[in-house]
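Me: I would like to learn how to read a few features of a protein model, one at a time. Please give the general idea, then the case at hand.

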Amino acid sequence: MDTSICSIDGMEGILRYRGIEVEQLEQMPYDAVSYLLIYGKIPAPQELEAYSRKLREERYINREILNVLKVCNYGTEALDSLRTAVCCSAHMDEEKDDSSMEANMNKSIRLVAKFPTLVAAVHRYKTGKFLIAPDEKLSHGANFLYMLRGTVPSAIEAEAIEKDFILSAEHELNPSTFSLRITASTMADIYSAVITGLCTLKGPLHGGARKGVMDMLDEVASHENAEQYVLDKFSRKEKVMGFGHRVYKTCDPRAKLFKDIAKKLADDHGDTQWYDLAERLEQVMYREFMQNKGRPIYPNVDFYSAVVYKYLEIPPELATSVFAAGRVSGWVSHYFEQYSHNRVIRPRANYI
Ligand code: SDX
């Protein structure tokens, strides 16, 4: 399937959005990267200001949706509540029956703008805390942490969450994006396509892995226990969350960038427990794979991002939803690209 949105070199470990490498994109504000994905070009300063203003205006959630969230007493995964809230938003969107390019662009901006607010509201209700309205003075990422935790994040924390949204934003035909494109290929509406992506992202072998890594860090707790943990998993032939990738045959470039962000947060917090534990797990996994399979295994995007979430006090049950808050920009970009083909994706099976 052709695309102009993302390219991955699995052998060299290179990831580009619209031809620009993530190492460069990571230095930009999330709004600029989101604009690049959706519009296909780096925004001029006045274009970025207009886009950011639209996003800031659309961050708010109406009372009916918040009331639905209040009764959504989700279990272990906030994504269920987010999925319900997006379904309700689809019903209440004033342009829901308009499939014009302009209406779809407005809906995609509403989705990108509202995901962080929805995720924060889910958490505040779940933990019995009062809701916090968006602060239009804060960046996309900083505003999310403010609504989630009730305090304005430090500069390092704001930088970390912006980079998380950027590095989570897009990854070619990963399972959730591919399933979204199938829905888009039937000419279904953008909300239906994004809900498809949300449902697919939840699986523990895909976006759910980030929660799996956070749970693993809590279970192992200290770098002294890392070796035995890995050996036990191998003996039970169980997979270790956050490692391996279907496409990368060398290290996922996002894992390297997240590792740097995690180190910066660990040093800023004066607490390297989670970083040291993660690094030890990485070393043991590499050694065990080389010894037992004659090849290495590397961390993927979900491994060190989980360490970043630990330092940002993002709870495990929110991890997949926060991933979705970044990924929604990539999803809506793929929706537009697929929708423009006006041709259904219909693979054949091999009958056995
Ligand atoms: C994401 O596609 C994307 O782009 C997704 C994503 C994105 O940005 O959207 O990058 C995000 O989903 C990252 C992946 C998150 N999932 C996990 O971290 C779950 C753990 N990882 C594994 O499930 C696995 O590595 C996959 C699914 C990620 C990749 O699977 P592959 O390449 O198909 O590998 P495999 O399952 O065929 O395994 C090959 C071998 C097996 O051993 P053998 O049977 O050959 O002896 O490698 C082993 C596996 O057991 N193996 C692992 C392992 N991953 C592979 N062993 C232990 N721990 C692991 N994590």
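This is a predicted model: local features need pLDDT of at least 70, side-chain atom pairs count only at pLDDT 80 or more; totals for chains, interfaces and linings use all residues.

Reply: Residues are numbered from 1 along each chain as its sequence is written, and side-chain values use heavy atoms, with hydrogens and water left out.

Me: How many aromatic pairs does the structure hold?

Reply: A pair of aromatic rings is described by the distance of the centres and the angle of the planes. Rings of Phe, Tyr and Trp (its six-membered ring) pair if their centres lie within 6.5 Å; planes under 30 degrees apart are stacked, over 60 edge-to-face, and the rest tilted. The structure holds 12 such pairs. One of them, Phe243 with Phe303, is tilted, at 4.5 Å centre to centre and 50 degrees between the planes.

Me: Which parts does the pair of Phe243 and Phe303 tie together?

Reply: Phe243 lies in the loop between H12 and H13 and Phe303 in helix H15 (residues 301–311), so the pair ties together parts that are 60 residues apart in sequence. Helices (H or I, at least four residues) and strands (E, at least two) are DSSP runs, numbered from the N terminus. Both Phe243 and Phe303 are buried; buried means under 20% relative accessible area, exposed over 50%, and partly exposed in between (1.4 Å probe, protein chains only). Ring pairs also link Phe243, Tyr275, Phe303 and Tyr304 into a cluster.

Me: Which residues have a positive phi?

Reply: Most residues other than glycine have a negative phi. Arg18 has a phi near 50 degrees, and Lys237 has one near 55 degrees. Arg18 sits in the loop between strand S2 (14–17) and strand S3 (20–21) and is partly exposed, at 23% relative accessible area. Lys237 is in the loop between H12 and H13 and is exposed, at 79%.

Me: Where do positive charges gather?

Reply: A patch is made of residues with over 30% relative accessible area and no salt bridge, like charges being joined within 9 Å. A salt bridge is a side-chain nitrogen of Lys or Arg within 4 Å of a carboxyl oxygen of Asp or Glu. Here Lys237, Lys239, Arg246, Lys249, Lys293 and Arg295 form a patch of positive charge on the surface. Lys239 lies in the loop between helix H12 (226–235) and helix H13 (253–269) and is exposed, with a relative accessible area of 63%.

How values were computed. Patches are made of residues with over 30% relative accessible area and no salt bridge: like charges are joined within 9 Å, nonpolar side chains (Val, Leu, Ile, Met, Phe, Trp, Tyr) within 5 Å. Accessible areas come from the Shrake-Rupley method with a 1.4 Å probe; for residues, only the protein chains shown count as cover. Lys and Arg count as positive and Asp and Glu as negative; His and the chain ends are not counted. The place of a charge is taken as NZ of Lys, CZ of Arg, CG of Asp or CD of Glu.
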